[in-house]
Amino acid sequence: MTPNIATPSPALQPATQLTLVDALVEQGWYVGREVIDLELCAALNQELLHRAAYNGLDEAGIGRGQQHLLRKDIRGDAIHWLDRESAAQRRYLDAMSELQQALNHALFLGLFEYEAHFAHYPPGAFYQRHLDSFRGRANRVISTVGYLTPNWPSDGGGEMVIYHPDAPSQEVARVIPEAGTFACFLSETIPHEVLPTRHPRTSIAGWFRRNASLGGVLDPAR
Ligand code: OGA
Ligand code: MN
């Protein structure tokens, strides 16, 4: 008899890549529930909540380099960039690297790098409507958000609203930030926002990047 050896469950549901590529091509965005393995979400969530409790996060700003500004009236989350320091981070980043290959294979996007940070939104925090690619630095091509909070309460707020790329006041989707949900969209064209949350909200926001060289200066990550 063959011994029953448990194979580890994949970090992302196997059918996700195909559905995701189709949705990106057709509408510029994708949202899937029960996509990220729940044990992985729990491990990542624990790591992030530990950082939130022990001063291990930085207040998030807007812009980068010398233009970096703290603006609580625009975004209120606190972040930590993933650096592969835990097994859970490595598993998540490896899944993103597989997704990057699938996207390059299907869409010839030439994505070459992925950067991602944990995000913790305390009650009252939000992120006003925005695009993810920096002006004049269109190097973030595809955005991803993985949600980590289990049992999101129905009155918890904190939904991510996705707007129509050609009619930025028209709402096309509202994403409940429940553990296991994964969202993906075109960074340069899809406006989105995080509504004020009433419950501590945990996620990983990440970006597939293409190299963008401006005036001979290589655009730095972050
Ligand atoms: C971001 C962002 C959305 C979310 O970090 O740029 O838009 O739902 N996050 O956390
Ligand atoms: Mn964003």
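Let's start where two helices touch: Leu 40, Ala 43, Leu 44 and Glu 47 of helix 2 meet Ala 88, Gln 89, Arg 91 and Tyr 92 of helix 3. Sort the residues of this contact by class and you get five nonpolar, one polar and two charged. Keep in mind as you look around that this is a predicted model.

How do the two helices sit against each other? Helix 2 covers residues 38–53 and helix 3 covers residues 87–107, and they pack at an angle of about 125° with their axes 9 Å apart. That angle makes helix 2 oblique to helix 3, because angles over 145 degrees would count as roughly antiparallel and those from 65 to 115 as roughly perpendicular. The crossing of helix 2 past helix 3 is left-handed.

Helix 3 also has a contact with helix 1, which spans residues 16–27; here the axes come within 10 Å and cross at roughly 50°. So helix 1 and helix 3 are oblique to each other as well. This time the crossing is right-handed. On the helix 1 side, the contact is made by Gln 17, Leu 20, Val 21, Leu 24 and Val 25, while helix 3 brings in Glu 98, Leu 99, Ala 102, Leu 103, Ala 106 and Leu 107. Counted by class, that gives nine nonpolar residues, one polar and one charged.

Pick out Leu 20 from that group and zoom in. Is Leu 20 buried or exposed? Its relative accessibility is 0%, so Leu 20 counts as buried. Leaving aside residues up to four places away in sequence, Leu 20 touches Tyr 30, Leu 99, Leu 103, Phe 182 and Cys 184.

Asp 132 has a relative accessible area of 8%, so Asp 132 is buried. His 192 counts as buried too, because its relative accessibility is 4%.

Next, follow the backbone into some loops. Most residues other than glycine have a negative phi. Arg 84 is not a glycine, yet its phi is positive, at about 65°. You'll find Arg 84 in the loop between strand 3 (78–81) and helix 3. With 38% relative accessibility, Arg 84 counts as partly exposed.

Phe 108 has a positive phi too, near 50°, and Phe 108 is likewise a residue other than glycine. Look for Phe 108 in the loop between helix 3 and strand 4 (113–121). Its relative accessible area is 72%, so Phe 108 is exposed.

Ala 60 is in the loop between strand 2 (58–59) and strand 3. How accessible is Ala 60? At 1% relative accessibility, Ala 60 counts as buried. Setting aside residues up to four places away in sequence, Ala 60 touches Leu 70, Arg 75, Asp 77, Ala 78 and Ile 79. Ala 11, in turn, is 49 residues from Ala 60 along the chain, and the C-alpha atoms of the two are separated by 27 Å.

The other alanine, Ala 167, lies in the loop between strand 7 (160–163) and strand 8 (171–175). Ala 167 counts as partly exposed, because its relative accessibility is 26%. Between the C-alpha atoms of Ala 167 and Ser 203 there is a separation of 27 Å, and along the chain these residues are 36 residues apart.

Note on methods: Residues numbered from 1 in each chain as written. Chains lettered and ligands numbered in written order. Predicted model: local features only at pLDDT ≥ 70, side-chain atom pairs only at ≥ 80, totals over all residues. Heavy atoms only, no water. Axes fitted to C-alpha atoms, helices over the stretch in contact; angles between N-to-C directions. Helix = DSSP H or I, 4+ residues; strand = E, 2+ residues; numbered from the N terminus. Parallel < 35°, antiparallel > 145°, perpendicular 65-115°, else oblique. Left-handed = near helix turned anticlockwise from the far one by under 90°. Contact = heavy atoms within 4.5 Å. Nonpolar A, V, L, I, M, F, W, Y, C, P; charged D, E, K, R; others polar. Buried < 20%, exposed > 50% of the residue type's maximum accessible area, 1.4 Å probe, protein only.
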